[in-house]
Every structure is written in C-alpha cells, then in structure tokens.
Amino acid sequence: MIWTAAFLVVLVSCADPEDYCYDEPSCDPYSWGESFPLCHPLLELHHSPINLDHHMIRNDSLQPLHLEGFEEVQTGHWTLENDGHSVVLRVGSGMAVSGGGLPGTYHTVQLHFHWGGPASNGSEHTVDGHRYPMEMHIVNMKSIHPNVSAALDDPTGLAVLGFFIDVVYADNLHFGHISQKLSSVAHKGQTAKIKPFPMMSLLPKHNMSQYYRYQGSLTTPPCSQAVVWTVYEVPIYISWSQLAQFTSQIFSTEEDAEQVTPLQNNFRHIHPSSGRTVLASRDATLLTGTAAPPPRSALRLLHVVTLGGIALRL
Ligand SMILES: *[C@@H]1O[C@H](CO)[C@@H](O)[C@H](O)[C@H]1NC(C)=O
Ligand SMILES: *[C@@H]1O[C@H](CO)[C@@H](O)[C@H](O)[C@H]1NC(C)=O
Ligand SMILES: *[C@@H]1O[C@H](CO)[C@@H](O)[C@H](O)[C@H]1NC(C)=O
Ligand SMILES: *[C@@H]1O[C@H](CO)[C@@H](O)[C@H](O)[C@H]1NC(C)=O
Ligand SMILES: [Zn+2]
C-alpha cells in the first residue's frame, strides 16, 4: 500500500519523464525509478549491470555466437550520433547474431559506449569488483519483433553483447573508424556519417568463445527486463588518447548551450544478482575473487520509505 501511494506521488510530480541524466541528484540513476517505474530496484529484480564474480556456473553448451555479416563491409552508410547520454553508432541492416544459447536470431541495430572521467573508470559491469575504463554494447533485436516496443515486452527481446575496453599505449587502428569521427559529435544532437567497416575488426577476435551469460535489463531508462546479456571476458584495447576523447571531449549539452557540460560517468550502478544464474561459456575463465562493490540497496530502501511518509501525510 505504502509502495503504491509513494509511487503515484513520484509519477505525478515528474515534469519531463523523458529526461534522465548521470550527474544530478534529481535525474541520476538512483532516481530513474521515479520517472521510469521499471527502473525501480525494489519493484523489479532482474536489473543490469551486475558484478561478475565466483557465483558462476560453467555451461559447456555455450559455444561461440554466430555473428552474421560481422566480417563483411556492409553497404550504405552508418550514422554516429551523440544522443546526450552516449555516443551511438547506428548500423544498417545486414548483421545478425544467433547461437551460443540465444533463443533465436537477433538483428544488429546499434552499438554505443559507457565511460568514466579523466581519473575514473566507467564500465557498467564489473569483474570481481574491478571496473574497466569503458564498456561497449552491441544491441541486437530479436528478428520476430516488428519494433523496439514489442521487443521490450519480451523477456528475451534483445541480445546485448558487452565488451570491456581497457587501455594500452598504442592506438587501436581499427577503433580509429570511430575515434576519427568523435570530434564531429562532441555535442548532443550532432551526427556524422561513417563508412561501414567490418564490425569484427573492433572485437577481440581470438577470444570470442570466452563469455558470461545472464538475464537482465536495459541499463538506461526504461530499464526493461528484456535483455539476454553476453559479456565477453577479454577486453578490447585502445590507447590513452583514444580513451580521453570520450572522457573529456564529449558533451551532454547542445552546441549552443550557455553552459557546456562534459558527458562523463555515463554508467548505471551495480545491481544484486537476486538469485539469477550467471553462466560461463565453455572456454571462459571462472572467476575466483570475492571482492564486491558495496551494496546500495539499504540507501535505496531509506529513500522509498521517506517517500512513503510523504505520501501518507498528503
Ligand atoms: C546450458 O545452457 C543451455 C542454453 O542456455 C540450457 O538450455 C541448458 O539447460 C544449460 N545447462 C545447464 C546444466 O545449466
Ligand atoms: C581502472 O582501470 C585501470 C586500467 O585498466 C586499472 O589499472 C585500474 O585498476 C582501474 N581502477 C579501478 C578502481 O578499478
Ligand atoms: C509494435 O508492434 C506491435 C506488434 O505487432 C504492435 O502491436 C504495435 O502497435 C507496434 N508499435 C509501434 C509503436 O509501432
Ligand atoms: C585469448 O585466446 C587465445 C587463443 O585461444 C589464448 O591463447 C589466450 O590465452 C586468450 N586470452 C585470454 C586473456 O584468455
Ligand atoms: Zn549500454
């Protein structure tokens, strides 16, 4: 009862439900649930991201995914866009993923990135509590669905491939396809055309059989629990300067904004596994560490109880 009352109040008080952010208390990931009910961690259990740890079960039937069209140069052009929350590369038709235990064929729609700041890491998933500098998500939609809203209503409507990004001294020349265009999409709303390149050239091609699998959610609003996650064990490597392009040269504000705000730390906090099974593919390394990030659920509970109090007084 209290929960329902609190919920109605926050729904009504929300001015612009399309708005979310990472850096202000009024719209950061801890308050997304107030505008986007599915983001609420107490009402919905299977959230992403999670910390990958030793609670994992090997499943030998998880062999490499079939990545159709990833080795080829697709026709047409792709579009890079700063949507104010990330840098998104929209790819045309021609690529699809299947196999590796996925329940169907999924067409590749886009890829995008999550990052930290000049002195902090920003992957979404963590490994034994370790946060990588960045994470790339390749988003694929189950091909039986005519549109995204239909896919979001299916618990396995999307298949997202997650890749950690780590840093080394040398530039990643393949990653240059994206880095070269980043300055054209520095501000929110800006787009740039990109000549298609073989998607596989971005990926750790010798280690595609090493991955972790679990059932989770979108890590951005509306946080729909519609994602079969495949998180690859071996990272992609880029240089420090390629990383810095994301952490200090991308802005969440439009070009003509009075105050320019860098887009940084665009990752959602870690959520509990809540009884979910995380599977390790046949070739993945099982994790042994026990380090885990501090739980935030207690803080969240306090927040909701406070809102419940407000609702009861009204
Ligand atoms: C292994 O994974 C497959 C595909 O996801 C599943 O059908 C099967 O039940 C799993 N086996 C075990 C022992 O978990
Ligand atoms: C951030 O990433 C760097 C490079 O991989 C790593 O050396 C460092 O330990 C990471 N920091 C944290 C707090 O995980
Ligand atoms: C998406 O597809 C479903 C199922 O065919 C349909 O009912 C719905 O109207 C479509 N929604 C939009 C926004 O096109
Ligand atoms: C990546 O794959 C290669 C070839 O199978 C293997 O030798 C190497 O150990 C793998 N790297 C990691 C970090 O597991
Ligand atoms: Zn993402």
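Ala, Val, Leu, Ile, Met, Phe, Trp, Tyr, Cys and Pro count as nonpolar, Asp, Glu, Lys and Arg as charged, and the others, Gly among them, as polar. With that in hand, welcome to these close-ups of a predicted model.

**View 1**

**View 2. The residues around ligand 2.** Look for N121, H130, R131, Y132, P133, D166 and V167 around this ligand. Strand 9 (130-131) and strand 11 (158-168) each contribute at least two residues to the shell. Sorted by class, the shell around ligand 2 holds three nonpolar, two polar and two charged residues.

View 3. N82 sits in strand 4 (residues 78-82). N82 counts as buried because 25 other C-beta atoms lie within 10 Å, and 20 or more are enough for that label. Beyond its neighbours within four places in sequence, N82 is in contact with V87, V185, A186, H187, K188, G189, Q190 and I250. S184 is 102 residues from N82 along the chain, yet their C-alpha atoms are separated by 9.2 Å.

**View 4. The two sides of helix 5.** In helix 5 (residues 240-249), the buried residues are Q242, L243, F246 and T247. Viewed down the helix axis, these buried residues fall within an arc of 130°, so they line one face of helix 5. In an α-helix, residues three or four places apart point the same way, because there are 3.6 residues a turn. Among the elements covering the buried residues of helix 5 are strand 7 (106-115), strand 10 (134-142) and helix 4 (176-182). Over on the other side of helix 5, W240 and S241 are exposed.

Notes: Residues numbered from 1 in each chain as written. Chains lettered and ligands numbered in written order. Predicted model: local features only at pLDDT ≥ 70, side-chain atom pairs only at ≥ 80, totals over all residues. Near = placed C-beta within 6 Å. Helix = DSSP H or I, 4+ residues; strand = E, 2+ residues; numbered from the N terminus. Buried ≥ 20, exposed ≤ 12 C-beta atoms within 10 Å, placed from the backbone. Contact = placed C-beta atoms within 7 Å. Arc of directions from axis to C-beta.
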